[in-house]
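Hi there,

Here is the structure I promised to pass on to you.

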Amino acid sequence: MKPRILLLLVVAAFASVSFCFTGHPEASWQLAQLDDYLLNILLMAGINVILAVSLNMVNGYTGQFSLGHAGFMAVGAYGSAAITQIQGKALLEALGFLGAAAPVVLFSLAMLVGGVLAALAGLAVGLPSLRLKGDYLAIVTLGFGEIIRVMLQNTEALGGARGLTGIPPRTTLGWTWAIAALSIYCVGALVRSTYGRGFLAVRDDEIAAEAMGINTTRYKVTAFVVGSFFAGLAGALYAHMICYISPEGFSFMKSVDVVVMVILGGMGSTAGVTLAAILLTFLNEVLRQMQEYRMVAFSLLLIVLMIARPQGLIGDLARFLPGRTRLKP
Amino acid sequence: MLEIDALEVAYGSIEALHGITLRVAKGSIVTLVGSNGAGKSTTLRAVSGLVRASKGSVRFEGKDITNHKAHEIVALGLAHVPEGRMIFTNLTVLENLRMGAYLRRDKRAIAQDLEFVLETFPRLRERLTQQAGTMSGGEQQMLAIGRALMGRPTCLMLDEPSLGIAPLLVKTIFEKIVQVNRELGLTVLLVEQNANLALEVSHYGYVLETGRILLEDRSENLRSNPAVQAAYLGA
Amino acid sequence: MSSLLQMQKVTVRFGGLVAVSEVDFHVHPGELVGLIGPNGAGKTTLFNVVTGVYAPTSGSVQFANCQVGGEPPFRITARGIARTFQNIRLFASLSVLDNVVSALNLHSKNGFFGALWRGKAFRAEEEENREEARKLLEIFGLADAAHAPCRSLPYGDQRRLEIVRALATKPRLLLLDEPAAGMNPTEKIELMRLIRFIRERFGLAVLLVEHDMKVVMGICERIAVLEHGCKIAEGTPSDIRRDSRVIAAYLGGEVANA
Amino acid sequence: MNEFLQQLINGLSLGAIYALIALGYTMVYGVLRFINFAHGDVFMVGAFAGLYTARWMAPFTAAWPQWLSALCVLSVTMLLCALLGILVERLAYKPLRERPRLTVLITAIGVSQLLEYTAQLVFGAAPRGFPSLITTRSIPGLGGLHLSNIQALVLVVSALLLVGLHFIVMRTRMGLAMRAMSLNPTAAMLMGVNNSAVISFTFGLGSALAAAAAVFYASLYQAIDPFMGVMPGMKAFVAAVLGGIGSLPGAMAGGLILGVLETLVVGYSGLLGISPGYRDAVAFVLLILILLFKPSGLFGKPQREKV
């Protein structure tokens with residue numbers, strides 16, 4: 001009973017909050033009254049939560065190692081921007097009968113398109129990558145991510161290397177955190193079921209999983225598709241938050257950022273990676289003044305973490321949160 | 001010759017050995033028997049430096065070798081034929097034997113020892129230029145023992161030499177073990193599932209159970225011990 | 001009587017190496033069959049062909065009158081062949097109960113969308129699965145440890161849990177890969193009793209790959225002997241014990257002890 | 001035809017550089033079974049080490065013949081990078097010897113970023129010029145073909161380094177120990193092989209080759225920056241996989257093939273109807289194709305997982 005109520009709540013919040021907070025910049029009750037700086041951090045935190053939770057579906061729960069998450073994010077960002085920016089005018093006119101709701105509806109549509117396109121990209125990556133394991137898979141996903149980036153760079157219709165500007169600002173706190181909640185719910189619900197034990201079985205021992213009648217191929221592709229769908233949504237939110245995207249923003253470095261969140265949070269712990277994503281977003285801002293030292297410090301942190309606490313910093317703490325069955329990495 | 005005192009080993013948080021104390025006298029064959037997970041292999045691995053001991057000590061010919069590096073221990077003349085043989089499958093039989101003499105530089109003596117090993121295991125001579133991985137399990141075991149002998153050890157530790165080998169060849173291999181013990185005066189520490197056979201060829205035996213020593217005695221006494229018979233010899 | 005498993009002229013080649021050569025082999029419903037031979041004789045390879053890990057290079061594998069040679073392992077399991085592994089392969093991060101539940105996946109109706117929607121039917125089935133897993137564990141005396149991490153079980157219990165997990169796929173043929181490895185004589189006797197019990201209770205056929213002659217001779221109704229990838233003998237335990245080729249190639253003087 | 005030959009020459013000199021880097025990946029994979037993600041960044045450090053070595057040595061070697069001072073710069077750079085490689089292994093990878101491969105891979109990503117951002121901090125983000133160690137000239141008498149003396153030197157010196165490496169691996173005790181370790185590390189230890197020494201040696205050797213590649217690369221393209229190692233590093237990895245990871249001749253062949261292929265794709269992009277900007281995608285498409293159709297590479301042995 002409980003999970004369904006949660007789902008309903010999520011959907012309700014998703015619908016009402018998001019609708020209220022878009023479209024009318026003059027509305028005095030809008031959360032955008034928040035300090036712009038803080039608002040941006042909160043938005044970025046939400047987007048990072050979606051990215052980390054969805055990557056955790058692939059890397060943490062299914063035991064595949066993807067280093068191409070930024071590529072899926074790029075597909076979502078460009079896919080959604082194609083709807084709202086490139087085709088935006090024409091589509092808005094077509095939706096004119098909806099009145100003030102038209103931009104919101106268009107944005108929802110754009111996000112959906114971004115997510116689905118990313119999911120399709122996930123399918124395309126997942127299918128051929130199944131024969132590979134561990135570090136080979138990591139490199140191939142990295143390769144796919146880079147291919148996506150190079151393709152975007154060379155597609156003039158999408159702005160080429162210069163990127164795409166003038167994307168309408170549509171991302172709100174409501175949308176961002178509703179989708180973050182949705183991603184947390186979906187990953188959690190998938191894993192906590194007889195069906196979902198299959199993901200964990202694949203992670204623990206593929207050969208034994210296969211021998212227990214589990215179609216490991218199907219599970220791995222499913223994990224990739226779900227993971228990239230949410231990465232696509234995150235990309236869409238990101239594009240409509242900073243209103244400018246370029247292929248460089250979705251490079252291998254961005255994928256590594258997400259991997260760091262997952263590792264810091266503890267692979268296979270949704271609560272852990274959620275906390276880690278929020279924490280790292282804030283830490284990033286705090287250390288922005290020391291940009292150059294920040295990256296040195298983060299990479300050192302990653303190395304020390306792997307040597308001293310490979311299970312992540314937060315994964316163990318998540319055990320104390322209510323209602324979560326912890327899964328060991 | 002080999003003295004192990006209160007040796008403890010842990011894999012992560014799981015303790016595999018809870019204080020093993022045993023002695024191997026010079027020139028003798030000593031065997032460790034017990035079921036899987038009793039800690040027999042772990043004992044050997046700790047002695048040869050493949051796993052770290054968390055407590056206790058190992059002394060070889062009076063010298064403390066606790067937690068020394070594996071290659072230093074080999075250099076002292078303590079050879080370990082590991083479980084599963086671990087031959088270099090892509091190298092030829094001859095290359096494998098030469099690897100056994102990796103630490104030695106006395107070419108003439110190496111040639112002599114090669115001759116001795118090939119005398120002892122005529123099957124290896126027939127297959128000198130063959131890739132080692134293509135041989136049968138029993139032949140690979142002979143190669144693994146021969147390879148260890150190429151280092152001219154004074155003490156040989158054998159881990160499950162009968163594992164997965166046709167009963168026919170097991171017999172031959174055990175005969176060879178007794179032979180090198182007698183002819184070279186080589187001290188042997190033997191770990192074996194097949195307690196019957198192990199107690200037959202050895203002088204002294206230890207019975208291990210879940211990381212502890214349960215019993216120790218001369219091998220013939222162990223064989224006639226009703227408790228050992230019931231649990232390990234299947235009488 | 002028609003065979004449950006029927007292999008005809010099965011050959012497996014890896015590169016130039018012939019691991020199994022033209023082997024004919026069958027298992028009848030409810031039968032207890034042993035497969036023996038020295039290491040490298042092709043037992044494990046044959047086993048892996050039956051379970052779909054390898055595809056036969058040539059020859060046919062039929063299960064319950066269907067061609068199954070070359071099908072992927074999960075589909076073969078779905079047809080009713082389950083197995084255990086020589087080196088225990090439990091799902092290390094799952095609890096004892098969840099290890100069994102994961103094997104119930106095969107017969108569960110709720111999939112991806114069921115797990116997301118979590119409707120009435122889904123919850124009922126989840127409850128049912130847990131109940132069934134618990135019952136199976138109870139039969140094998142593992143119910144008390146249901147929520148413990150499977151790695152905390154003692155070695156013998158882990159082996160039993162692997163059998164329980166295999167049974168949860170509801171097989172008609174159970175393949176056991178060296179179940180007696182690393183057991184002492186008392187445990188081996190217990191194991192033999194367990195295998196007989198499983199066959200009676202679940203009405204299935206058992207195919208056993210085993211080195212331990214006492215176990216194989218003690219419970220198998222029929223034994224096949226492999227050497228260098230070929231089947232050199234097949235028959236009742238007493239036939240095998242007297243077979244001159246088997247003695248020459250495999251048993252040697254040990255036969256008296258076995 | 002001439003144009004094709006020209007592309008081939010350019011491709012081979014680029015390919016020789018990839019091959020030198022690829023050898024480091026393949027050797028480390030051989031003994032430790034892990035992908036040293038930071039290898040491309042050792043290459044980058046090599047370029048900066050070359051730059052500073054050349055500057056520092058300039059007053060002393062002004063009177064020397066150019067080839068001698070260039071050789072000195074090359075040797076010192078190789079030595080410095082060998083030390084860096086050994087240091088990285090000791091500090092970051094050694095504590096992880098018994099851990100899962102992915103843990104080591106993630107650590108390697110961390111090391112890679114650490115080298116990049118530290119370099120950025122120390123040398124600045126802007127590209128720097130690389131001095132001409134040898135005055136560039138075109139080698140005459142090749143018809144319409146353009147082959148610079150630098151390109152020729154890159155090819156010749158790379159070939160010499162490869163021969164030297166082959167000698168070390170096949171003929172020396174250390175080489176024998178490396179081969180034994182790549183086959184079975186435990187057994188090698190039980191034969192008396194000092195695995196830590198072999199691993200250090202392997203890292204040192206691989207890093208020295210990467211440093212040589214860096215000096216060649218910087219001499220050819222004359223600009224270096226803290227992130228210059230990322231792409232050549234990944235491409236060299238692809239070259240190693242193409243040849244069959246763990247195989248030395250494979251890494252060499254893979255590097256040459258990739259260099260030529262990449263140059264041809266750029267050279268004939270008009271004919272192929274694609275933008276020359278797809279240059280960086282060539283390696284990755286190739287990687288995916290190899291892993292799908294022949295994961296063991298051209299020279300590798302297929303491996304089956306034991307059940």
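This is a predicted model: local features need pLDDT of at least 70, side-chain atom pairs count only at pLDDT 80 or more; totals for chains, interfaces and linings use all residues.

**Chains A and D**

Five pairs of chains touch, and the pair with the most contacts is A and D. Chains A and B, on the other hand, do not touch, and their nearest C-alpha atoms are 13 Å apart.

Between chain D and chain A, 45 residues of chain D are in contact with 38 residues of chain A. The size of an interface is often given as the accessible area lost when the parts come together. For chains D and A that comes to about 3,800 Å², with 79% of it on carbon and sulfur atoms. There are zero salt bridges between chain D and chain A, while five residue pairs are in polar contact, both residues being at pLDDT 80 or more.

Which helices of chain D supply at least two residues each to the side that touches chain A? They are α3 (66-93), α4 (101-123), α9 (230-243) and α12 (279-293). Of these, α4(D) gives the most, with 15 residues. By class, the side of chain D that touches chain A has 32 nonpolar, seven polar and six charged residues.

The structure holds five cavities of 30 Å³ or more. Two or more lining residues come from each of α6 (134-153) of chain A and α2 (39-61), α4 and α9 of chain D. The largest share belongs to α9(D), with four residues. The lining of this cavity is made up of 10 nonpolar, four polar and two charged residues.

**The second largest pocket**

This pocket holds about 980 Å³ of space. It is lined by 31 residues, and closest to its centre are Lys254(A), Asp257(A), Asn284(A), Arg288(A) and Arg294(A). On chain A, the elements giving two or more residues to the lining are α2 (36-61), α10 (216-242), α11 (252-265), α12 (270-286) and α13 (291-308), and chain D joins in with α4. The most comes from α13(A), with seven residues. The pocket lining divides into 14 nonpolar, 10 polar and seven charged residues.

Best wishes

Definitions and conventions. Residues are numbered from 1 along each chain as its sequence is written. Chains are lettered from A and ligands numbered from 1 in the order in which they are written. Side-chain values use heavy atoms; hydrogens and water are left out. Contact means heavy atoms within 4.5 Å. Buried area is the accessible area (1.4 Å probe) that two parts lose on being put together, summed over both. A salt bridge is a side-chain nitrogen of Lys or Arg within 4 Å of a carboxyl oxygen of Asp or Glu. A polar contact is a pair of N or O atoms within 3.5 Å; within protein, one must be able to donate a hydrogen and the other to accept it, and residues adjacent in sequence count only if both atoms are side-chain atoms. Ala, Val, Leu, Ile, Met, Phe, Trp, Tyr, Cys and Pro count as nonpolar, Asp, Glu, Lys and Arg as charged, and the others, Gly among them, as polar. On a 1 Å grid over the protein atoms alone, a cavity is a set of points where a 1.4 Å probe fits but cannot get out, and a pocket is an open set with protein on both sides within 12 Å along at least five of seven lines; lining residues have an atom within 4 Å of a point. Grid points are joined across faces, edges and corners, and a volume is the space filled by probe spheres set on the points.
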